[in-house]
Amino acid sequence: MMAARAALERRAQVTLVDADGHHGFLPRLATVAAGVGPVSDADAPLAELLPGVTLVTDEVAGIDHHARALATADGRGIEWDTLVLAAGAQATAPSIPGLADHAWTLRTPDDARRLRALVPTAESLVVVGAGSTGTQLAGEVAAAHPHVQVHLLEMADRILPSLPDNMADRAHHVLVDRRVAIRTGVSLDRVGPEGADLDDGTTVPGLVVWTGGYASNGNVLLPDAPTTDGRIVVDRCARVSGHRRVLAAGDIAAHRGPGGRLLPQTAQVAVRAGRLAGANAARIADGLRPRAGRLRHIGWVLPLGDGQAVAQVGPLPLADPVTGRLAPLLHDAIDVRHLLTVGGLPAAVRHHQEFVSLP
Ligand SMILES: Cc1cc2nc3c(=O)[nH]c(=O)nc-3n(C[C@H](O)[C@H](O)[C@H](O)COP(=O)(O)OP(=O)(O)OC[C@H]3O[C@@H](n4cnc5c(N)ncnc54)[C@H](O)[C@@H]3O)c2cc1C
């Protein structure tokens, strides 16, 4: 969406192909899944957010970069001068018996809406994978539905294994206070209709949600593109390596920050990268040289429900009981800023009540 908007600002003619025609606001999915705030927080129709763009609601099935054309699942053919790939990442489905049939995921607005309907009547919720998504979901559900026994299971030896220690410690403390049963160093062997079987021989009964990983499908869309962990390798202009007229942005791309460090797949990186790719796509279409951008990841904010959150901004942790009170305000401010960017003042005002939560 940010790429389309940046290209429009350069007066390009833009066609946006999106599988479901909506802008998913993924940082709000856990709150929507927990039944907190309106269900409309999960997404918004692209047609409303992007006047002036030709919107095609369909899935991209194949790309012929020699012919500068793409084919959609419904059999449409679309020609392009420059192409921006921004198809994000998808929940991984490792070959664990029963996972595909009996576990839910939390990656799309539809996933959040399904869980929102199921969670209130569950006796127990088993969240498998204590990264940001799983930890936030466990916290939000435990806060909103105290009658639901929440289990949070993680293969590593602590929750939030890829985030700083102080954030993980504080989040652990908040969740334990809410009676979340946390187990680390365990992995999933099988999922059945009754719950999750673990590799230590125990079974945890309940509604199982798999938050164990996400992967990008860069090679599915562009088989000859070089990838790192499924993410398409791009240069500092967001151009795909070896392709002069194809760019990639967001979770699907391997963006690098200061010192060549691979940046995490976050909204803050995706928004900036999208703008960069859209502007450069328009420049290339106009016969101009693309410009290099400077992308960086400033920090983490992880809401845990009930006005609590943990954060790290640059080197500054907001994870103790005092500074931690600022973290939810920071998250709300980021949400409102994003809404202002994507939907203008009306969207931000409409959602203001739900977004401003005091610690
Ligand atoms: C539960 C959750 C919570 C998160 N919380 C945070 C947070 O608090 N802060 C933060 O910075 N980041 C957060 N993230 C990460 C952040 O949301 C992503 O990094 C960001 O959304 C990536 O944007 P994107 O445009 O690359 O991909 P997406 O937002 O995933 O958008 C990809 C779009 O492409 C469409 N699509 C996919 N394949 C095709 C196809 N073949 N044809 C057509 N359309 C297709 C999809 O329908 C979708 O609309 C969170 C992610 C999740 C899942």
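This report describes a predicted model, its ligand surroundings, and some of its strands and loops.

## Basis of the model

The model is predicted: local features need pLDDT of at least 70, side-chain atom pairs count only at pLDDT 80 or more, and totals for chains, interfaces and linings use all residues. Residues are numbered from 1 along each chain as its sequence is written, and side-chain values use heavy atoms, with hydrogens and water left out.

## Around the ligand

A nitrogen atom of the ligand is 3.0 Å from a polar backbone atom of Ala-19. Ligand oxygen atoms are found 3.4 Å from a polar backbone atom of Thr-266 and 2.9 Å from a polar backbone atom of Ala-267. On its own the ligand has 1,000 Å² of accessible area, and the protein covers 79% of this; such areas come from the Shrake-Rupley method with a 1.4 Å probe, and for residues only the protein chains shown count as cover.

## Elements and domains in the shell

Helices (H or I, at least four residues) and strands (E, at least two) are DSSP runs, numbered from the N terminus.

An unreviewed UniProt entry places the feature "domain: FAD/NAD(P)-binding" at residues 3-274. UniProt positions are given in the numbering used here, feature names are shortened, and annotations may be inferred rather than shown by experiment. The span 3-274 is 25% helix and 29% strand, and its end C-alpha atoms lie 4 Å apart.

Two strands pair if DSSP finds at least two bridges between them. An open sheet of 3 strands has the order E19-E20-E22, with mixed pairing. Its edge strands, E19 (227-228) and E22 (253-254), each pair on one side only. Strand E20 (residues 231-233) pairs with E22 in the parallel sense over 2 bridges, and Ile-232 has Ala-253 in E22 as its bridge partner.

## Two hairpins

Strands E14 (residues 188-192) and E15 (residues 195-198) run antiparallel and are joined by 4 bridges. They form a hairpin with 2 residues between them, and Arg-190 has Asp-197 in E15 as its bridge partner.

E15 is also joined to strand E16 (residues 203-205) by 3 bridges, again antiparallel. Here the bridge partner of Gly-195 is Pro-205 in E16. The hairpin of E15 and E16 has 4 residues between the strands, and Gly-201 takes a positive phi near 90° in this hairpin.

Arg-179 has a positive phi near 70° and is not a glycine. Arg-179 is in the loop between helix H7 (165-177) and strand E13 (181-184). Ala-238, also not a glycine, has a positive phi of about 75° and lies in the loop between E20 and strand E21 (246-248).

Technical notes:
Polar contact = N/O pair within 3.5 Å; in protein donor to acceptor, adjacent residues only side chain to side chain.
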